[in-house]
Amino acid sequence: MGVPAIDAQVPLRGRGRELAALEQALATARAGSSAVLVLRGEAGIGKTALLDHAADRAVGFRTVSVAGVEAEMELPFAGLQQLCAPLLDRLHQLPGPQRDALSVAFGLQEGRAGREGQEGQEGQEGREGREGRAGEAPTRFLVGLAVIGLLAGSVGDRPLACLVDDAQWLDDGSLRVLAFVARRLMAEPVALVFALREPGEGDDRALAGLPELIVEGLGEPDARALLASAVRAPLDPLVRDRIVAEAHGNPMALLQAPHAFKPAELAGGFALPGRHPVASGIETAVHQRLQSLPRDSRRLLLTAAAEPTGDVDLLWRAAGLQAIPAGAAAPAEAAELVEFGTRVRFHHPLVRSAVYRRTSAPDRRAVHRALAEATDPRRDPDRRAWHRAHAAARPDEGVAVDLERSACRAQGRGGAAAAASFLRRAAELTPDPAHRVTRALAAAQAETDAGGTDQALNLLAVAEAGPLDDLQHARIERLRARLVFSRVRGSDAPRLLLDAARRLAPLDAALARDTLLEAVGAAFFAGRLGEGPGPREVAEAARAGPAPPTPPRMVDILLDSITTLIIDGHAAGVDALRHALHTVRQEQESGATDADRHWLWLASRVTPEPLAPELWDDDAWHELAAGAVDIAREAGALAVLPMALTYQACFQVHAGEFGTAAALIDEATAISEAVGGVPMMYTSLVLSAWRGRESEALDLIATTSEEVRARGEGRALGLAEYATALLYNGLGRYDAALAAATSACRYEDLGFFGWALVELIEAAARSGHPEAAAPAMDKLTARTRACGTEWALGTEALSRALLSDDRAAEALYQEAVEHLGRCRIAVHLSRARLLYGEWLRRRNRRQESRTQLRLAYEAFSRIGADGFAERARRELSATGETVRKRTVGVTSELTSQEAQIAGLAGAGHTNAEIAAQLFISPRTVEWHLGNVFTKLGVGSRRQLRSLPSP
């Protein structure tokens, strides 16, 4: 009696809910919109059968599919390549950067790191020089954009069905790209269906939040009927009930359990299995069937199981090397375990698992050795190295070198996790202890960059067990410090990084200075919650440490300018900071180099808010924000792009473009989530405070404060207190604002300390506590006069006016309006008008006050600063002018992305241009514009130009 095919065409009993969900997904795609569905359930629960049903029902669709393979999880983008292979005839239609990214990811062309890898084992200096550098390999983000374009371009006149089985076994790059695509598809006729194990059986966090359906066990009547269809021998009622009970409705267990026993055992109730995991029980049943096959058939099945691509030509080449005859295939197919067609297809992944896991280690190594010999070293060197690694029974330097080269090529394809895996195995197979240390350190570095904290710690332990020179000791210390910083951005990280920098100083000056800059950043992050060395102690160590090279790198300029600011004070540090910003702006104008991208990468770890706000330089802020986003987009630098977008969003908040800021924040958050990062909440706090929606803002501030306390991020806690003060000043609750501002100003956080002083001065002046405002005014003046910009001078004049007598106050208010009117910081100009209008009203100069208050009210209402708008409305009403409460404008009905698309369309951008900027497809832009036109009651792009900002 043979084992029936696990995906045999048995009726899908008890699956009405699941089938309806699949039909709905297909119907949505047929109607022209995208649909995503994630099917979750335990092994054998019927997910593959449901996907097969979806494929059968996708009449008129173009269908592509892929099944994750556990043994292939280390190969970067392997699953994605299999899914997209039938669509690559459209590759030439993609924009150049996306086409190149996908080509490199799929190995159709080499990335820069891959070309370097062809030169052989690189030296320590080369590795350190590229450490963390962004832009050298296509990231998952660029690859994701390319896949979106590929899918959108492949639909043509019929919809597309993408079916992904065993998603928990996809390689990390493929899974995260597909999750990114699933979240960005919207207006394309594409149905994307995932099937994967229950949470905890693979790294499936990337799919969290997508539409999901739990596939549960069958009810007892359906379970009995399915069991009856699988049994061809008398079945004792007690045995039947026991099988049904132990299967827990799992269709695979019901179909396979009877085949583990002889007919007499089924009829008499002897030797029933115990309660083992379903997958284990199924594998046992398949293994028993496997043992009845001829030896050559078993070896052929093992060879097929060890090579998950299903490449039939490769299989038979490897079979020939093992002297396996062609006739070995027939018994395996007759047992309904596998099909040998144009590709090798096991009837279920658990069959492959049973074949491979239940075979001895020597037999597995022999099969991998044959597969390695059969694999073309020029066409697929990485897969050959992978098979050689699995074939190795002891350390082998040749295999280790091949793996090291594969790691370099994996980085060229953007497969950071795969590179780390190759390097880790290379270290394990290195016979020489000294070389093993070098490779273990390289692997630990790769694991750190890929987010593999536990693996990195294990590799550092391996390195420490070998012979270490002084530089290697120091590099281990630095990596341990960086791992601490990656988990908690405060705590011991500043001390550990500073210790590592001191140890590196006599050994590698450049790396020591990089580490000092990271230590400064860690100290700024820790802020008021820091228990180790603060920014001053780190800055003093930097000044006493290694001199910068000639010419200095961007890292060196940044480090020296921050050091000057911290040690010598704001007045002395302004010139150094101004020089640093000028240098960056020159580099951006002349084109970004690799050094720029390295600096941007490092800056993302060091200064969560860039330095232009510290100088009150709105022109530099505007240029640097736009330039940083452009460079990060072009390079596909995902470690930097969310930071750059957040930086630009913060500028847009101060420029009064709240809708644009919100869209940039959404984009940054989506990218962070797509790559498994932690979203940056800095600008969200500031935006919520300016919007003045108290409940919403306070909830965000409370949640963020709790999260950053747990991480030791004192700087973010200071920003939350500044945002609270801003919120309450806008609402006119000055006592509460004073308390929050006082707390914010207890620590001089880089980038927004001056802003917090402004809130403290207004709150103190308005709540009758001028004694609290005077020292804050002195500190603010020291900063604003050293900077001397229109923004700085206008801010100082406005704050000083609040503390002056009538004769001086009016001139100061007018001076503030004049200065702020000549810069880009629109919200502060409106605030100056509000404060001036309030001062005029209190002196009974109603007509003059109305002019200022009306301008402030209209501006705040237009941009959505509800708290300040209501404050201005109340003041206008007090002058005797009738003012209606602000009503929601038409554009506020739009989502943040709709608002951004409407703005770009109104500015004359085409759908293709908007799609490229927002990382969506032109079809999705068109779909959004349809919603925009409906909500706003307009019929053309031209009409969008006259609408107010959201």
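## A walk through the model

Start by selecting helix α38 (residues 753-766) together with helix α39 (residues 770-787): they pack at an angle of about 150°, and their axes are 8 Å apart. Keep in mind that this is a predicted model. Angles over 145 degrees count as roughly antiparallel, so that is how α38 and α39 lie to each other. Turn the view and you can see that α38 passes α39 in a left-handed crossing. To show the contact, select F753, G754, L757, V758, L760, I761 and A764 on α38, then P770, A772, A773, A776, M777, K779, L780 and R783 on α39. Colour these residues by type and you get 12 nonpolar, 1 polar and 2 charged.

Next, go to helix α2 (residues 47-57) and pick out K47, T48, L50, L51 and A54, which are buried. Look down the axis of α2: the buried residues fall within an arc of 160°, so they line one face of the helix. Around them, show α1 (16-30), β1 (35-40), β3 (160-165) and β4 (190-196), against which they pack.

Now for some backbone details. Most residues other than glycine have a negative phi, and most peptide bonds are trans. Select D166, in the loop between β3 and α8 (172-184); its phi is positive, near 50°. Is D166 buried or exposed? With 5% relative accessibility, D166 counts as buried.

Move on to N844, in the loop between α42 (826-842) and α43 (846-863). N844 also has a positive phi, about 60°, but at 62% relative accessibility it counts as exposed.

Finish at P551, in the loop between α27 (535-544) and α28 (554-568). The peptide bond from T550 to P551 is cis, with omega near -5°.

Key: Residues numbered from 1 in each chain as written. Predicted model: local features only at pLDDT ≥ 70, side-chain atom pairs only at ≥ 80, totals over all residues. Heavy atoms only, no water. Axes fitted to C-alpha atoms, helices over the stretch in contact; angles between N-to-C directions. Helix = DSSP H or I, 4+ residues; strand = E, 2+ residues; numbered from the N terminus. Parallel < 35°, antiparallel > 145°, perpendicular 65-115°, else oblique. Left-handed = near helix turned anticlockwise from the far one by under 90°. Contact = heavy atoms within 4.5 Å. Nonpolar A, V, L, I, M, F, W, Y, C, P; charged D, E, K, R; others polar. Buried < 20%, exposed > 50% of the residue type's maximum accessible area, 1.4 Å probe, protein only. Arc of directions from axis to C-beta.
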